[in-house]
Amino acid sequence: MLELLPTPPADPLWDLAAAYAHDTRPDRLNLVVGVYRDHTGVTPVMTAVREAEIRLAERSVSKEYRGLSGNLAFNRAMVSTVLGADGPADRAAAVQTVAGTGALRLLADLVRLTRPGATVWISDPAYVNHRPILEAAGLTVRTYSWLDAEGRSDAAGMLRDLRDARRDDVVLLQGCCHNPSGVDLSFEAWQAVAELAESSGWVPFVDVAYHGLGDGLEADLRATRMLAARVPEMLISVSCSKNFGLYSDRTGCAIVLSPSRRTLGHVETSLQNIARTLYSMPPEHGAAVVTTILEDEELRSAWRSELDVMRGRITANRDDLVAHLNGLGHADQAETISRQKGMFSTLPLTADQMRVLREQFAIYGTVSGRINIAGVAAHRIPYLARGIASVLGTVDAARPTPSAVS
Ligand code: PLP
């Protein structure tokens, strides 16, 4: 049987990560995968998470199955975090999922169930897993413009493309800190998107994965909340991987808004049925940690402070990279990067230039130019800037250090 298995396509991100693991050059920088690293290069367990884990270990009495919707207190906490304390919680159904990816897949399956002919529109460029997840659910995918030729937000192009979206379609948007570009819509552009959704009738599907890491938790959720207040139906996938640092605990939530209570009941049961055939019930640990934090005033404020520190470090890294690129004579590229937000930046470099960056400087980003700006220790920013300047052509400023070419 197995010899008939076709050669599977390799995952480009994990291939790069594997290449990095074999790279022994001392100056190597792994900026491929989107994880936050502190100034020592470690992806830390947040102090609030550690404290919640201690409390949970002390009081846990059972690991009995949870229901198909997972941890209900967690779901309520996610609805209130994402939609806000006075958000439309009364017209929301929520189920705990296996991280943000699980929420994306569950919601994609729900779309397929309710509108089998729907097209889902994603940004170009998009998070690398959006198209595969949607296509695996049997949906048709089309793209809308996201960036103009200078790498700025192309709201006009996006709205133009979305005029082709039909009433039965779904438009997948990233709530903040767009992956891979780091480029977000202005709030005014978000309002124009909401207007178009209202007039055309298509359903917004918002992927919220980086809230708290762009402009702050409330600011990062502002557009999602505005949309939720305006449109009758909406899908939201939430990830706790980045803002709670719970990457391997696979913690997330699928939220669906509908004006009808009867529909909400059907939505929740449908999501449960879909989960039942995939993994039955989501893992409890991460959800219990998040709930413990969000339900305790002291832990919640400790978590918010830590999140602010993480965001501050990401912003400082980006500002520093911009300053160094300016200093090396690359004001245009620096300006492009200065407009980006969140964990990722897309460098204005070609795939070939990214290869040179990898081969000559041991700096690993994706072929599309994406780097994880949250993955660089602050003292390595000058090295990163010199590498970028070198591939852009100011060779003198950037000759690799001997260790980097050894
Ligand atoms: N959505 C976006 C835009 C992402 O960048 C990611 C992860 O990188 C996810 C969803 C899924 O995250 P996870 O499944 O780790 O929670």
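Reply: The model is a predicted one. Serine 186 sits in the loop that runs between strand 5 (170–174) and helix 7 (187–200). Its C-alpha atom is 21 Å from that of tryptophan 202, a residue 16 positions away along the chain.

The loop between strand 5 and helix 7 also holds proline 180. The peptide bond leading from asparagine 179 into proline 180 is cis, with omega near 20 degrees. Aspartate 184 can be set against glycine 214: the two are 30 residues apart along the chain, and their C-alpha atoms are separated by 9.7 Å. Glycine 214 belongs to the loop between strand 6 (203–208) and helix 8 (217–230). With a relative accessible area of 9%, under the 20% limit, glycine 214 is buried.

A charge-over-ring contact involves phenylalanine 187, whose face has arginine 222 over it at 3.5 Å from the ring centre. A second contact of this kind has arginine 370 over the face of phenylalanine 344, here at 3.9 Å from the ring centre.

The bond from aspartate 124 to proline 125 is a cis peptide bond, with omega near 10 degrees. Proline 125 is placed in the loop between strand 3 (119–124) and helix 5 (130–136). Serine 280 is not a glycine, yet its phi is positive, at about 70 degrees. The loop between helix 9 (261–278) and helix 10 contains serine 280, and at 16% relative accessibility this serine counts as buried. Alanine 362 likewise has a positive phi, near 60 degrees, in a residue other than glycine. Its place is the loop between helix 13 (351–361) and strand 10 (363–364). The relative accessible area of alanine 362 is 0%, so the residue is buried.

Next, the aromatic rings. A pair of aromatic rings is described by the distance of the centres and the angle of the planes. The count comes to 5 aromatic pairs. One of them joins phenylalanine 244 and tryptophan 303: the ring centres are 4.2 Å apart and the planes are at 5 degrees, so the pair is stacked, the limit for that label being under 30 degrees. This pair links distant parts of the chain, its members being 59 residues apart. Phenylalanine 244 is in the loop between strand 7 (234–239) and strand 8 (251–257), while tryptophan 303 is in helix 11 (residues 297–327). Both partners have a burial label: phenylalanine 244 counts as buried at 2% relative accessibility, and tryptophan 303 is buried with a relative accessible area of 1%.

Rolling a probe the size of a water molecule over the atoms shows where empty space is left. The largest pocket has a volume of about 710 Å³. It is lined by 32 residues, and those closest to its centre are Trp14, Val33, Thr101, Tyr127 and Lys242. Helix 1 (12–22) and helix 4 (99–114) each contribute at least two residues to this lining. By residue class, the lining of the largest pocket has 16 nonpolar, 10 polar and 6 charged members. Domain 1 (10–45 + 311–405) and domain 2 (65–295) both give residues to the lining, so the largest pocket lies between them.

The second largest pocket holds about 590 Å³ of space. Its lining is made of 21 residues, of which Ser60, Ser62, Arg66, Glu284 and Ala288 are the closest to the centre. Helix 2 (47–59) and helix 10 (284–294) each supply at least two residues of this lining. Helix 10 gives the most, with 5 residues. The residues lining the second largest pocket divide into 8 nonpolar, 6 polar and 7 charged.

Key:
Residues numbered from 1 in each chain as written. Predicted model: local features only at pLDDT ≥ 70, side-chain atom pairs only at ≥ 80, totals over all residues. Heavy atoms only, no water. 1 Å grid on protein atoms, 1.4 Å probe; cavity = no way out; pocket = protein on both sides within 12 Å on 5 of 7 lines; lining within 4 Å. Points joined across faces, edges and corners; volume = space filled by probe spheres on them. Helix = DSSP H or I, 4+ residues; strand = E, 2+ residues; numbered from the N terminus. Nonpolar A, V, L, I, M, F, W, Y, C, P; charged D, E, K, R; others polar. Domains from an automatic or database assignment. Phe/Tyr/Trp six-rings, centres within 6.5 Å; stacked < 30°, edge-to-face > 60°. Buried < 20%, exposed > 50% of the residue type's maximum accessible area, 1.4 Å probe, protein only. Lys NZ or Arg CZ within 6 Å of the ring centre and 35° of its normal.
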